[in-house]
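Walk me through the contacts in this model, taking one interface at a time.

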Amino acid sequence: MKTAEGLKDIIKPENLVYRKSSLITDKPFSYCPGCGHGTTHRIIAEVIEEENLAENTIGVCPVGCSVLMYDFLDLDIQQAAHGRAPAVATAIKRLMPEKFVFTYQGDGDLAAIGTSETIHACNRGENILIVFINNGIYGMTGGQMAPTTLEGMKSSTSPYGRDVKMMGNPLKMTELVAMLPGTCYVTRQSVHTPAAVRKAKKAIKKAVGYQKKGMGTCFIEIVSNCPSGWKMTPVESNKWMEENMFAYYKPGDLKVPAESDADAENKNEQ
Amino acid sequence: MKGNEAIAEAAIRAGADAYFGYPITPQSEILEYLMAANPHERTGMVVLQAESEVAAINMVYGGAGCGKKVMTSSSSPGISLKQEGISYIAGAQLPCLIVNVVRGGPGLGTIQPAQSDYFQAVKGGGHGDYHLIVLAPASVQEMADFVELAFDLAFKYRNPAMILSDGAIGQMMEKVYLKPQKQRSTEVPAWATTGKTKERERNIITSLDLDPYAQEQHLLRLQEKYREIERNEVRFEEIMVDDAEFLLVAYGTSARVCQKTLQLARAEGIKAGLLRPITLYPFPYERIRSLASHMKIIVSVEMSMGQMVEDVKLAVNGQVPVYHFGRMGGVITEPEEVLEYLKTKI
Amino acid sequence: MTEEIIIAGFGGQGVLSMGKIIAYSGLMQDMEVSWMPSYGPEMRGGTANVTVIISSERISSPILRRFDTAIILNQQSLDKFENSVKPGGILIYDGNGITRHPVRKDITIYRIDAAEEASRMKSQKTFNMIVLGGYLKIKPLISIENVVKGLKKSLPERHHKLIPENEAALKRGMEIIRRLN
Ligand SMILES: Cc1ncc(C[n+]2csc(CCOP(=O)(O)OP(=O)(O)O)c2C)c(N)n1
């Protein structure tokens with residue numbers, strides 16, 4: 001084991017390859033080891049920091065594992081009732097259109113109890129970013145079935161595997177909202193490898209740009225793992241995610257604004 | 001068996017036709033147990049995880065309107081969401097069972113046990129002039145027993161019934177004797193929507209009457225029903241009240257805590273007794289009123305800021321001093337604390 | 001007869017399941033039992049505790065401030081519950097990771113190095129059974145046969161093959177527990 005002295009040698013400015021965003025507080029994350037929530041928090045913080053947006057950002061966190069997001073991000077954040085974050089964000093953005101407004105929601109929150117709020121916010125084209133963590137399960141309450149739980153997948157309320165005849169099909173919210181004219185940018189990302197993290201971060205950056213231009217709702221799904229809920233090690237869960245989740249929830253852009261749209265909006269602004 | 005599991009198993013055995021719910025701590029075991037127990041194969045009971053509490057209570061409305069024995073369960077924030085639906089169910093006079101395994105509020109509050117939904121349960125909760133029949137179990141055994149009792153009362157009076165429990169009794173394990181499996185009923189109440197036949201008028205399930213005079217008549221009929229429930233269904237338990245000078249009034253978990261307080265008090269020669277309301281609506285006003293005349297003081301012990309104490313005061317009507325004691329926010333009152341408080345008032 | 005027990009330690013140490021086994025074993029012996037856990041999304045490394053009561057009479061409060069026996073498996077729990085033992089009661093603790101040892105003179109203190117023993121026996125999962133064995137040595141309220149019956153009831157069928165290993169751990173616990181005062 002390295003001694004503290006030894007560590008000091010390593011942490012020299014010239015050796016520094018990573019620095020924690022200043023928008024991440026010192027509070028230890030409450031997330032289980034290996035969970036995608038932590039990484040996603042990190043890249044959101046980084047983008048807001050890099051875009052110099054901290055003073056103009058209002059986040060809305062859900063009920064779910066990320067209910068305490070306000071403890072971890074040094075931003076103004078409202079904590080919404082279960083499923084209602086898009087409604088809360090709608091009001092914030094309409095009352096303060098100059099602010100960057102985002103919601104951060106799990107699949108139970110966004111795709112079950114909050115389906116209606118999600119669809120209608122997207123359909124109205126609210127100028128907000130919705131970050132949707134799809135881990136296929138209810139993490140916070142101890143691993144119950146989510147609308148996104150895959151067919152045959154076991155959870156504490158589908159102990160014999162999800163039977164689609166009884167429990168319905170896994171819901172592709174992202175495909176659904178992509179169909180709505182109100183959304184301008186809809187993409188599915190993940191944060192399980194360094195390359196994926198970079199891409200997801202880029203997506204958030206784009207969404208910030210589109211929101212500035214007032215182009216409509218941006219919707220970023222992060223397909224994630226839940227090692228505790230899936231009862232796997234972090235490594236196993238990532239592998240399982242690649243093999244199973246990605247097969248059903250295919251990563252990639254579902255809807256991107258035409259370049260000309262983005263430019264046109266640009267010109268209008270000038 | 002855990003209290004939550006006892007409710008689930010008792011529901012299957014009572015011959016319930018359906019359960020609709022949405023996960024929320026500290027009652028998710030009810031849905032989890034039902035999903036694992038395969039009631040569909042055992043009795044044909046339908047179990048569905050709804051997309052929200054709003055959806056779940058409206059599923060209950062639909063099922064109850066067909067004359068079926070249907071139920072839902074949730075915990076405080078989820079029960080708040082269901083209130084509109086509960087009001088509709090009461091207005092349409094549908095029988096059903098709603099279980100609230102209470103946690104601390106307001107808001108997202110805490111997932112720890114509390115008794116702060118008393119007002120919501122017994123004074124309405126949703127809009128309009130109505131009552132739920134409210135049962136308060138104090139043991140895992142009663143969690144099981146009250147499922148059937150609640151269904152029976154609900155059908156007898158065509159009125160929604162609620163089991164008002166809390167996270168402590170939901171999560172606690174105790175010994176429990178379960179009744180044997182009952183067949184699901186094939187009887188269909190005359191008012192149920194089952195498809196109009198030539199033999200009868202059409203059945204309509206509604207809470208709407210735009211004509212105010214007709215609506216008033218409907219409400220008067222509801223009031224008559226509530227008076228009947230108040231005459232027939234008051235239930236309570238008394239412990240060591242005969243020679244008591246100091247009366248504790250407590251339900252559910254607090255009543256268990258107070259039983260220990262009684263032991264501690266009696267050991268010190270303090271003559272304390274306990275009245276445990278089992279039905280919170282209808283509330284045992286009469287009994288408390290008559291006991292009050294023999295008491296020096298009465299303390300309502302609840303894990304809340306003091307809600308039931310208002311009903312105790314109504315019952316006592318100024319005869320003797322009435323106090324409230326209890327912890328809040330998910331802190332469970334300890335037996336010793338109750339005694340210490342009592343001593344400050346003696 | 002009433003025995004009021006608190007078991008406390010880290011989540012994942014088998015605190016709740018040890019309580020469950022005591023409760024089930026009590027049931028097998030026709031006693032009244034109650035098992036009241038701390039619950040919630042316990043983080044890894046968070047603390048967990050459970051109050052278990054076994055009694056020949058109807059159990060009043062499942063929630064208690066004072067206990068006849070405290071079974072303590074980490075430092076935080078020791079700090080929290082040492083003073084909750086009734087005078088004349090007993091405290092059993094695992095010395096692993098303990099830097100501030102119990103000091104009370106009016107209770108009987110036992111130490112059982114179960115974590116160490118479990119790793120020596122290459123059987124980490126039976127850690128809580130070693131502790132339970134120690135407890136039953138001091139308070140033989142329930143018989144080993146009934147514990148095994150209780151185990152059968154609380155373990156899923158597929159784990160029944162582990163019962164002999166658990167029984168061995170119980171017996172080992174009985175041997176290694178020692179009185180400190
Ligand atoms: C009205 C209401 N119903 C239910 C709950 C309980 N609850 C808390 S979090 C949650 C699900 C969270 O799952 P998800 O949105 O997938 O997020 P994750 O925890 O997996 O990140 C539920 C059902 C609640 N807090 N409020």
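A polar contact here is a pair of N or O atoms within 3.5 Å; within protein, one must be able to donate a hydrogen and the other to accept it, and residues adjacent in sequence count only if both atoms are side-chain atoms. The model is predicted.

Start with the two chains. Between chain B and chain A, nine residue pairs are in polar contact, both residues being at pLDDT 80 or more.

The area buried between chain B and chain A is about 1400 Å². Carbon and sulfur atoms give 61% of that area.

Now turn to the inside of chain B. Chain B is divided into domain 1 (3–180 + 223–230) and domain 2 (236–345). Taken over C-alpha atoms, the centres of the two domains of chain B are separated by 26 Å. In the contact between them, 31 residues of domain 1 of chain B meet 28 residues of domain 2 of chain B.

The area buried between domain 1 and domain 2 of chain B is about 2300 Å². Of this, carbon and sulfur atoms give 55%.

Across the interface of domain 1 and domain 2 of chain B, the rule finds three salt bridges. E174(B) forms a salt bridge with R256(B). The closest N and O atoms of E174(B) and R256(B) are 2.6 Å apart. The interface of the two domains of chain B also holds 17 residue pairs in polar contact, both at pLDDT 80 or more.

Several elements of chain B each supply at least two residues of the side of domain 1 that touches domain 2. They are α6 (118–122), β5 (133–135), α7 (140–157), β6 (160–166), α8 (167–171) and α9 (212–232). The residues of this side of domain 1 of chain B divide into 19 nonpolar, six polar and six charged.

How values were computed:
Residues numbered from 1 in each chain as written. Chains lettered and ligands numbered in written order. Predicted model: local features only at pLDDT ≥ 70, side-chain atom pairs only at ≥ 80, totals over all residues. Heavy atoms only, no water. Buried area = accessible area lost by both parts, 1.4 Å probe. Domains from an automatic or database assignment. Contact = heavy atoms within 4.5 Å. Salt bridge = Lys/Arg side-chain N within 4 Å of Asp/Glu carboxyl O. Helix = DSSP H or I, 4+ residues; strand = E, 2+ residues; numbered from the N terminus. Nonpolar A, V, L, I, M, F, W, Y, C, P; charged D, E, K, R; others polar.
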